[in-house]
Amino acid sequence: MTRYLVWRAVSVIPTLIGVSILVFLVTYFIPGDPAQIMAGSDASPDIVASLRHQWGLDRPIYVRYVVWAAQALRGNLGESYFSHLTVLQLVSRASAVTVELAALSLAVAVAIAVPAGIVSAVRPGSWFDLTATALGFGGLSIPGFWLGIMLIYVFSVYLRWLPAGGFTPLSSGLVPNLRSLILPAVALGTFASTQFMRYLRASMLEVLGADFTRTARAKGLTELVVLVRHAMRNALIPFVTVLGVQMGYLLGGTVITESVFALPGIGRLVLNAILNRDYQVAAGIILLIATAFVLVNLAVDLLYPVLDPRVRLGRGTFSR
Amino acid sequence: MTPATTVPAEGHGVASPPARSRVAGRRRALRWLTRRWLLSVGLAAVVALCLAAVCAGLLAAYPPDAQHMSVTLAPPSAAHLLGTDEYGRDVLSRLLFGARLTLLASSAAVLLAAVVGSALGLTTGFFGGVYDSLAGRVMDVLFSFPVLLLGIAMVAVLGPGEPSVVLAIAVASLPTFARVSRAAMIAEREREYVIAAHAIGAPVPHVIVRTLLPNLIGPLIVLVSLGFAYAVLYEASFSFLGLGAQPPTPEWGVMLSSARSYLFQAPWYAFFPGAAIFVLVFSLNLVGDGLRDLLDPRRTTR
């Protein structure tokens with residue numbers, strides 16, 4: 001068991017190295033010379049050359065990678081060519097928005113999916129189940145940005161209940177803060193909730209047909225106790241893995257949601273960095289997000305045997 | 001990329017007591033029928049949308065870029081069935097022409113991912129060894145990026161535009177195809193008919209393509225139709241973000257992005273392009289789900 005945990009933790013290292021190489025290559029191959037962009041199109045070649053030298057852009061690619069990776073390990077991800085703030089400063093400023101948005105979306109998704117998935121599984125084939133499955137199927141196909149725009153139309157333009165965009169920080173009060181994030185959280189959480197519901201319904205169905213559930217019923221336990229203490233506890237275990245995977249979709253989805261709702265989060269930061277060719281910032285953020293995603297999945301995998309003692313060694317790279 | 005494909009088989013391992021088996025059987029039959037019915041509806045919708053895209057020149061009442069400055073942001077009417085945009089262009093005509101780009105770009109992306117991904121998956125699964133573990137590592141790395149971010153990074157390198165979007169979606173979907181085909185190959189490669197093919201001296205490419213592939217194609221077809229749905233969503237997302245097709249190209253994501261500024265005056269303008277994306281993705285998902293029930297042996301043998 002310990003060997004599995006150690007092996008799984010160590011296996012993250014080559015992945016992270018690969019991630020860093022890929023991110024570095026992306027910035028390397030981005031067209032346009034940042035020194036030229038910074039200096040302006042009519043700058044003399046000398047100035048451009050000195051800027052290139054100052055940033056180490058004239059060194060060979062592998063040297064630049066090693067320097068970049070070593071700096072990144074120390075938490076130095078470079079600075080913006082435009083605002084001259086470091087990437088970490090920019091990210092820490094923006095991450096408050098994104099983390100809160102992701103957490104709220106996850107909460108929305110779980111709040112919809114858990115009751116819907118469980119009731120569907122307890123009464124398979126019922127009207128509730130059919131409706132929930134159909135809605136889930138629709139939610140799976142809805143473009144998040146369209147859902148966001150339609151929510152803005154209904155709740156901001158038409159009903160005037162909620163702000164159409166922008167972010168109110170928590171320091172201005174909990175209610176204004178939540179008001180500014182509830183529509184984005186619903187727009188972003190809908191897709192995840194359909195995924196959660198499908199998984200939960202399937203694993204609930206499996207657990208409800210298992211021998212231990214029948215034993216629990218045969219013992220004369222009430223249906224509620226069977227459901228909550230015996231079935232749900234086991235059905236929620238695979239759910240943890242789905243949570244980890246969905247974190248990645250949520251992190252990617254924030255790019256769109258933050259753009260639709262004009263939220264100053266990490267997604268907008270990375271999109272603007274790319275549109276402005278501010279590639280130190282873009283690379284730094286992409287690296288941070290990918291690393292976070294890898295670590296979240298590692299945490300999920302390490303948590304899994306704690307939750308489910310049946311899991312034993314021998315799961316290969318692809319069988320995850 | 002397509003998490004839906006890994007949903008555990010519903011009711012797998014359920015031992016129905018004999019008293020309930022007739023009910024369960026009836027329910028299963030009903031399910032069988034509705035699934036096929038939904039599959040046909042989805043297929044019909046996808047075919048209809050493809051036809052509409054091909055015949056856009058015949059169906060559209062106006063050229064997609066014809067401006068009618070006297071009727072900007074007009075609500076739906078007999079002259080303009082879905083209204084007009086900020087330059088008085090007919091929204092329905094633009095949607096019809098936009099379908100071409102979306103369908104072409106997303107099918108190209110999925111086919112590219114399917115061909116390269118399954119070639120990779122089939123060969124790694126068949127040969128194993130260092131090649132397999134190396135490719136596995138690379139796939140792990142690709143899997144570490146949220147799809148949209150990977151796409152955004154690639155668009156940054158290649159410059160905005162539809163070709164970059166196609167490539168970005170293809171690369172992002174590639175690991176799923178590789179993983180599924182590799183797993184299927186490993187499950188199948190030791191089977192007797194494969195050993196028989198080896199025994200009669202069939203060359204390795206022949207064994208992979210002619211002997212094994214026909215038996216592995218089911219899950220891949222399912223993956224293509226589900227991947228197609230995701231590709232449409234991502235294609236529209238990239239254009240919406242300004243990374244794909246650029247205005248004034250008639251493209252659904254681009255239209256939706258411009259419509260955002262006129263939400264107050266002309267909400268229908270934002271509604272229709274999104275609805276078009278939704279209908280296409282929904283139909284593709286219906287097809288994918290229906291095909292999975294038809295083709296996935298794990299689910300159909302129940």
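This is a short tour of the structure above, stop by stop.

Before you click anything, note that the model is predicted: local features need pLDDT of at least 70, side-chain atom pairs count only at pLDDT 80 or more, and totals for chains, interfaces and linings use all residues. Residues are numbered from 1 along each chain as its sequence is written, while chains are lettered from A and ligands numbered from 1 in the order in which they are written.

**Stop 1: chain B**

Select chain B and colour it by secondary structure. You'll find 11 helices and 0 strands (helices are DSSP runs of H or I, at least four residues; strands are runs of E, at least two; both are numbered from the N terminus). Of its 302 residues, 46% count as buried, that is, with 20 or more other C-beta atoms, placed from the backbone, within 10 Å of their own.

**Stop 2: where chain B meets chain A**

Now show both chains. The contact takes 51 residues from chain A and 49 residues from chain B; two residues are in contact if their C-beta atoms, placed from the backbone, lie within 7 Å. On the chain B side, pick out α10 (267–295), which gives the most, with 8 residues. That side has 32 nonpolar, 10 polar and 7 charged residues. Here Ala, Val, Leu, Ile, Met, Phe, Trp, Tyr, Cys and Pro count as nonpolar, Asp, Glu, Lys and Arg as charged, and the others, Gly among them, as polar.

**Stop 3: the largest nonpolar core**

Next, select V270(A), A282(A), I285(A), I286(A), I152(B) and V232(B): these have the most contacts inside the largest nonpolar core, which has 165 residues. Such a core is a set of buried Ala, Val, Leu, Ile, Met, Phe, Trp, Tyr and Cys residues joined through C-beta atoms within 7 Å. Helix α8(B) gives the most to this core, with 18 residues. Centre on I286(A): leaving aside neighbours within four places in sequence, I286(A) is in contact with V23(A), V270(A), L149(B) and A153(B).

**Stop 4: two helices in chain A**

Finally, select residues 87–122 (α6) and 223–260 (α11) of chain A. They pack at an angle of about 140°, with their axes 9 Å apart. Axes are lines fitted to C-alpha atoms, for helices over the stretch in contact, and angles run from 0 to 180 degrees between N-to-C directions. α6(A) and α11(A) are therefore oblique to each other (under 35 degrees is roughly parallel, over 145 roughly antiparallel, 65 to 115 roughly perpendicular, and the rest oblique). Among the residues making the contact are L101(A) and I118(A) of α6(A), and M232(A) and L250(A) of α11(A). The contact residues divide into 9 nonpolar, 4 polar and no charged.

Conventions
Buried ≥ 20, exposed ≤ 12 C-beta atoms within 10 Å, placed from the backbone.
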